[in-house]
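Here is a quick tour for anyone meeting this protein fold for the first time. Have a look at the picture, then read on.

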Amino acid sequence: MTAFSRFAQRAARAAILSIVPNVSLALAATSDDLFNDYFSNVLDGRPCFARSYDETELQAHPMQLVRKIEIDLSKQNSDGTPNSADHFALGFALMLTSGSDWIGQAANCRTNDADFECYLEGDGGVFRLTPLKGGGLKLETGDSGISLESSSGDIELSGKNGIDRTFDLVPAKEECQSAAAYFEGGDD
C-alpha cells in the first residue's frame, strides 16, 4: 500500500507540474490577445476611444466637469521602445465643460488578463480600462482619482465623489484628431 501511495503522489505531482506551464502560457496569450484586439491589430489607423457629452446630457448632470474625453495609442513608448502588451503608451486628453481646449498627458499602461492598467505621467494617478461589449472600453479612475496639469492650473477628477469617475468610451476618430494638436502638434 505504501508503494502504491508514493506512486500515486508522484503521478499526481507530475500531472500538476505538466499543467502549470500550460496555464501560464494560456494567461500570457490572454493578455496578448486582449492587447491585440484593442490596440495592436486594428484597422483604419491608430486606435482611439472617446466619449463626448452633448448639451442635453451636460444639463442633466450640472456637476459634471468633462465635456469630452479620449485615449489614443501613441506611436511608441516614451523611452522609444515599441508598444507591447507588457508596456504601451496612450495619449489621454479631456475637454472641460468650462472651455474648449484639450488638456492632456501621456499614460503608461500594461495589459492584465481582463483589463488594462494605466498610470498618468507626472504622478497624475491610475485609471483602468475594461472591455465593453461592442468594442468599447470603460475608463475608471483609481480610488485616488486622476489629475492633469494645464496652463490654467491642475484639473482633478475624484476617484470617490462626483460623476467624473467612470466613462464608457467607444471607438472614435473625431475626438482624437481634434486632440492630436495637443499630443503631436497636429501632424497626424
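## Before we start

Two strands are said to pair if DSSP finds at least two bridges between them. Keep in mind that this is a predicted model.

## Strand β7 and its partners

Let's begin with strand β7, which covers residues 137-148. Strand β6 (residues 125-131) runs antiparallel to β7, and six bridges join the two.

How many bridges join β7 to strand β8? There are three, and these strands run antiparallel. I146 turns up here too, with L157 as its bridge partner in β8. β7 and β8 also form a hairpin, with six residues between the strands, and G153 takes a positive phi near 125°. Strand β9 (residues 166-171) is another antiparallel neighbour of β7, joined by four bridges. E140, for example, has T166 of β9 as its bridge partner.

## Salt bridges

The count of salt bridges comes to six. Among them is the pair of K138 and D168, whose side chains meet at 2.9 Å, N to O. K138 belongs to strand β7 and D168 to strand β9, so this pair links distant parts of the chain, 30 residues apart. K138 is partly exposed at 24% relative accessibility, and D168 is partly exposed at 33%.

E117 and R128 make another salt bridge, at 3.6 Å from N to O. Because E117 lies in strand β5 (residues 116-120) and R128 in strand β6, the pair ties together parts that are eleven residues apart in sequence. Are these two buried or exposed? E117 is buried, with a relative accessible area of 12%, while R128 counts as partly exposed at 28%. Both also belong to a network of salt bridges that links R110, D115, E117 and R128.

Then there's E57, which forms a salt bridge with R51; their closest N and O atoms are 3.0 Å apart. E57 is partly exposed, with a relative accessible area of 27%, and R51 is partly exposed at 24%.

## A negative patch

Which residues form the negative surface patch? They are D32, D33, D37 and D86. D37 is found in helix α1, which spans residues 2-40. With a relative accessible area of 55%, D37 is exposed.

Technical notes
Residues are numbered from 1 along each chain as its sequence is written. This is a predicted model: local features need pLDDT of at least 70, side-chain atom pairs count only at pLDDT 80 or more; totals for chains, interfaces and linings use all residues. Side-chain values use heavy atoms; hydrogens and water are left out. Patches are made of residues with over 30% relative accessible area and no salt bridge: like charges are joined within 9 Å, nonpolar side chains (Val, Leu, Ile, Met, Phe, Trp, Tyr) within 5 Å. Accessible areas come from the Shrake-Rupley method with a 1.4 Å probe; for residues, only the protein chains shown count as cover. A salt bridge is a side-chain nitrogen of Lys or Arg within 4 Å of a carboxyl oxygen of Asp or Glu. Lys and Arg count as positive and Asp and Glu as negative; His and the chain ends are not counted. The place of a charge is taken as NZ of Lys, CZ of Arg, CG of Asp or CD of Glu. Buried means under 20% relative accessible area, exposed over 50%, partly exposed in between (1.4 Å probe, protein chains only).
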